[in-house]
Amino acid sequence: MSNATLDIILLLAKIALVFFVILTMAAYLVLAERRILAWIQDRKGPNRVGPQGLLQPLADVIKMLTKEDVRPAGADKWLFYLAPAMAAIPAILTFAVIPFGAPVILFGRELPLVISDLNVGLLFFMALSSIAVYGVAIGGWASNSKYALLGSIRGLAQLISYELSMGLSLVPAVMLSRSFRLSDIVNAQAHVPFIVYQPLAFIIFLISIAAECKRIPFDLPEAEGELVAGFHTEYSGMRFGLFFVGEYINVIVLGGLAASFFLGGWHGPWLPAPVWFIVKVLAFAVFFIWMRGTLPRLRYDQLMHFGWKVLTPLALINILVTGWWLMLR
Amino acid sequence: MWPPKGNHMGLPLQRKIMEQIIFYILAAATVIATVFSITERHAVHAIVYLVTSFFALAVIFYLLGAPLVAVFEVIIYAGAIMVLFMFVIMMLDLGHPEKVGTPGIRDWWPALVLAGVVFAAIVTIVAAATGSPAAGQAIGVREFALVLFQRYGVAIEIISMQLLFALVGALYLGRRQGKGEKP
């Protein structure tokens, strides 16, 4: 077996492993969310399928795959079918640039624990997160339903507004590590994570990613009380499942990015690197679930004002201060 | 990462062939998607085609060794400008192809003239070109930024000032006339 063949096999194995782990984590995150929310609300939650309801995700998948795939009469056929994929694919693609461990030695060669260590990794993430908007927009529009359209218009406005503050809050991390490559950013935090230098940027990023994955208190695109289910009202079966799983994949991926940008990624004492990474990602996931169980939903004008008039100027000032600090240091 | 590290370097010919195959697939995708985005009567469909075209174009930029340009193509064109187009189409309910008339020759001639100029320029360049253009030398973020802000720094500042003027102008024009009215 030649070297190139081995390389390709290792790469494919890595991709398959990451794919499997992320999908499994997303499925169990759904269960975790239902159980933790139930616990917060003093209920039991799903606990019937398997021990402690641990097989519930499997039952859900079977249910969704065997449901009828309904398309509304006035819907735009192709775009209606395409939109769920447009929502799920960018979410999972983003993980390609996230390093989840120190390079390991396998078969006498160094294997970096990241699928593609792009030198524009951070910008690649920004590009994919700006593409993820289309799933929401087209899904709601193609359904030919008032609720779905309103949800998708809200989603569009929210996502493009908070993308701005999210991107700006990452600039200090790039200034400190002097690179767009995620492995460089993680390695720059080997001793001190950037959250110590940049608490404000971290908070802005955290709020922005909560808005990016449309979680409470930013879940206006799918506000149940007003819009039935928002942009995915008309979807059923696995197409709804793709939107749903895409959202949870997004939670995991954005948690991984927050860990990489501000919490030192896979760096940490005692435990092996991938374990640290997963612990940090799960901490963000639990934080988001907790937030959902605790906070009410924002009003639409509050959402827009907060994004444009508070977060974005704060992020800009933070960049300026970081620049001065780096010059004077 | 460009060029790929490790033992891919031992296979220059295979890599070149792969690159060419990928390039022609992407080029075909770009051209076909662009043509569809022009001929499609439905505005939202046209946007989807155009985004596809931008995507393929971005990967071509990446193949040519310009990862930064590739990513900006997606962030700015596919991710920001096209999203704003879509937002406007949705808000103003413009997605009704049956209401759009067929463009006549009076609508066509500026486009035809411009296309003629571009075509003539391409023919001139191709005819004057000697050998294949130098490609494959990757430009990193640092080199790109240095050239952009040192050599073309003044131009960048002027362009950003112009964008600011346009922004302020749009704000002024879009301002509500009534004084007491809340914006």
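Reply: This is a predicted model. The largest cavity holds about 240 Å³ of space.

Me: Which residues are closest to the centre of that cavity?
Reply: A:Ala87, A:Ala132, A:Glu212, A:Lys214 and A:Asn250 are the closest, out of 21 residues that line the largest cavity.

Me: And how many cavities of 30 Å³ or more are there?
Reply: The count comes to one.

Me: Which helix gives the most to the lining of the largest cavity?
Reply: H11 of chain A, with seven residues. Helices H3 (77-94), H4 (121-131) and H5 (133-142) of chain A, like H11, each supply at least two residues.

Me: How many of the lining residues are charged?
Reply: Three are charged, while 14 are nonpolar and four are polar.

Me: OK, what about the nonpolar core? How many residues does the largest one have?
Reply: The largest nonpolar core has 103 residues, and A:Tyr134, A:Phe205, A:Leu257 and A:Phe261 have the most contacts inside it. Helix H11 of chain A, residues 237-262, gives the most to this core, with 12 residues.

Me: What does A:Leu257 touch?
Reply: Leaving out residues up to four places away in sequence, A:Leu257 touches A:Thr94, A:Ile98, A:Phe125, A:Leu182 and A:Phe205.

Me: Back to H5 of chain A. How many of its residues are buried?
Reply: 10 of its 10 residues are buried. Among them are A:Tyr134, A:Gly139, A:Gly140 and A:Trp141.

Me: What covers them?
Reply: The cover for the buried residues of H5(A) includes H3, H4, H6 (146-177) and H11 of chain A, plus H2 (43-63) and H3 (67-92) of chain B.

Me: Which residue just after H5(A) has a positive phi?
Reply: A:Asn144, with a phi of about 60°.

Me: Which element gives the largest share, and how do the lining residues divide?
Reply: H6(A) gives the largest share, 10 residues. The lining of the second largest pocket divides into 29 nonpolar, five polar and six charged residues.

Me: Now A:Phe277. Where does A:Phe277 lie, and is A:Phe277 buried or exposed?
Reply: A:Phe277 lies in helix H12 of chain A, residues 273-294. A:Phe277 counts as buried because its relative accessible area is 4%, and the cut-off for buried is under 20%.

Me: What touches A:Phe277?
Reply: Not counting residues up to four places away in sequence, the residues in contact with A:Phe277 are A:Phe95, A:Ile98, A:Pro99, A:Phe100, A:Gly256, A:Ser260, A:Gly265 and A:Trp266.

Me: How many Å separate the C-alpha atoms of A:Phe277 and A:Trp308?
Reply: The separation is 32 Å, and the two are 31 residues apart along the chain.

Me: Last topic, chain B. How many helices and strands does chain B have?
Reply: Six helices and zero strands. Buried residues make up 21% of the 183 residues in chain B.

Note on methods:
Residues are numbered from 1 along each chain as its sequence is written. Chains are lettered from A and ligands numbered from 1 in the order in which they are written. This is a predicted model: local features need pLDDT of at least 70, side-chain atom pairs count only at pLDDT 80 or more; totals for chains, interfaces and linings use all residues. Side-chain values use heavy atoms; hydrogens and water are left out. A nonpolar core is a set of buried Ala, Val, Leu, Ile, Met, Phe, Trp, Tyr and Cys residues joined through side-chain atoms within 4.5 Å. Buried means under 20% relative accessible area, exposed over 50%, partly exposed in between (1.4 Å probe, protein chains only). Helices (H or I, at least four residues) and strands (E, at least two) are DSSP runs, numbered from the N terminus. Contact means heavy atoms within 4.5 Å. On a 1 Å grid over the protein atoms alone, a cavity is a set of points where a 1.4 Å probe fits but cannot get out, and a pocket is an open set with protein on both sides within 12 Å along at least five of seven lines; lining residues have an atom within 4 Å of a point. Grid points are joined across faces, edges and corners, and a volume is the space filled by probe spheres set on the points. Ala, Val, Leu, Ile, Met, Phe, Trp, Tyr, Cys and Pro count as nonpolar, Asp, Glu, Lys and Arg as charged, and the others, Gly among them, as polar.
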